[in-house]
Amino acid sequence: MNNNINLNRLNNVNHELTQNYNGIYVSTMKLAEINVVKAPQKALEFLKRAKNCAIELNEPFYIASSDVALGDFYYNKKDYKNALNHYKLAHTLAKDNFAKDNIEKIKIKRRIQWIHYIKLP
């Protein structure tokens with residue numbers, strides 16, 4: 001009986017941690033979006049924090065989405081090398097974890113093609 005109580009407590013704590021990381025991920029992605037124009041460095045910090053939460057959650061969709069967002073951030077700053085790196089990370093993860101139609105929805109391949117079109121140095 002005592003072991004069941006401890007197991008239930010552990011499950012509850014685990015659920016609460018997951019909920020917290022999920023909430024932090026969503027909030028930091030939104031804060032990054034809000035700050036991207038007026039405070040780009042702050043936006044970058046929020047994007048990195050969101051990716052860390054996604055990794056803690058071990059959630060492939062969140063990880064890939066944060067890499068796409070980081071890639072877009074770097075692309076808009078004309079840092080094409082970092083953009084390509086994040087797009088490739090997202091593409092690899094999506095290819096291994098998503099259905100084909102979901103990969104098409106996030107348009108990673110098109111983003112990678114843009115970078116190659118620009119012709120990295």
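Student: How many of the 17 residues of α3 are buried?
Tutor: Keep in mind that this is a predicted model. Helix α3 covers residues 60–76, and it is mostly covered. Among the residues tucked away are Ile63, Val68, Leu70 and Phe73.

Student: How far does α3 reach from its first C-alpha to its last?
Tutor: Helix α3 has 17 residues, and at 1.5 Å a residue you'd expect 24 Å. The model comes close to that expected value, with a reach of 24 Å.

Student: Which residue just after α3 takes a positive phi?
Tutor: Helix α3 runs over residues 60–76, so look just past its end. The phi there is about 65°, and the residue is Lys78.

Student: Are α2 and α3 roughly parallel or roughly antiparallel?
Tutor: Two packed helices are described by the angle between their axes and the distance between the axes. Here the axes of α2 (residues 40–57) and α3 come within 8 Å and cross at roughly 160°. An angle over 145 degrees counts as roughly antiparallel. That makes α2 and α3 roughly antiparallel.

Student: Is the crossing of α2 and α3 left-handed or right-handed?
Tutor: On the α2 side the contact includes Leu44, Leu47, Lys51 and Ile55, and on the α3 side it includes Ile63, Ser66, Leu70 and Phe73. As for the hand of the α2 and α3 crossing, it is left-handed.

Student: What kind of aromatic pair do Phe61 and Tyr62 form: stacked, edge-to-face or tilted?
Tutor: There are four aromatic pairs in the count. For Phe61 and Tyr62, the ring centres are 6.5 Å apart and the planes sit at 55°. Planes under 30 degrees apart would be stacked and over 60 edge-to-face, so this pair is tilted.

Student: And what about the pair Tyr75 and Tyr80?
Tutor: The rings of Tyr75 and Tyr80 are 5.5 Å apart, centre to centre, with 65° between the planes. Tyr75 itself is partly exposed, with a relative accessible area of 23%. The Tyr75 and Tyr80 pair is edge-to-face.

Terms used: Residues are numbered from 1 along each chain as its sequence is written. This is a predicted model: local features need pLDDT of at least 70, side-chain atom pairs count only at pLDDT 80 or more; totals for chains, interfaces and linings use all residues. Side-chain values use heavy atoms; hydrogens and water are left out. Helices (H or I, at least four residues) and strands (E, at least two) are DSSP runs, numbered from the N terminus. The expected span of a helix is 1.5 Å times one less than its number of residues. Buried means under 20% relative accessible area, exposed over 50%, partly exposed in between (1.4 Å probe, protein chains only). Rings of Phe, Tyr and Trp (its six-membered ring) pair if their centres lie within 6.5 Å; planes under 30 degrees apart count as stacked, over 60 as edge-to-face and the rest as tilted. Axes are lines fitted to C-alpha atoms, for helices over the stretch in contact, and angles run from 0 to 180 degrees between N-to-C directions. Angles under 35 degrees count as roughly parallel, over 145 as roughly antiparallel, 65 to 115 as roughly perpendicular and the rest as oblique. A crossing is left-handed if the near helix is turned anticlockwise from the far one by less than a right angle, and right-handed if clockwise. Contact means heavy atoms within 4.5 Å.
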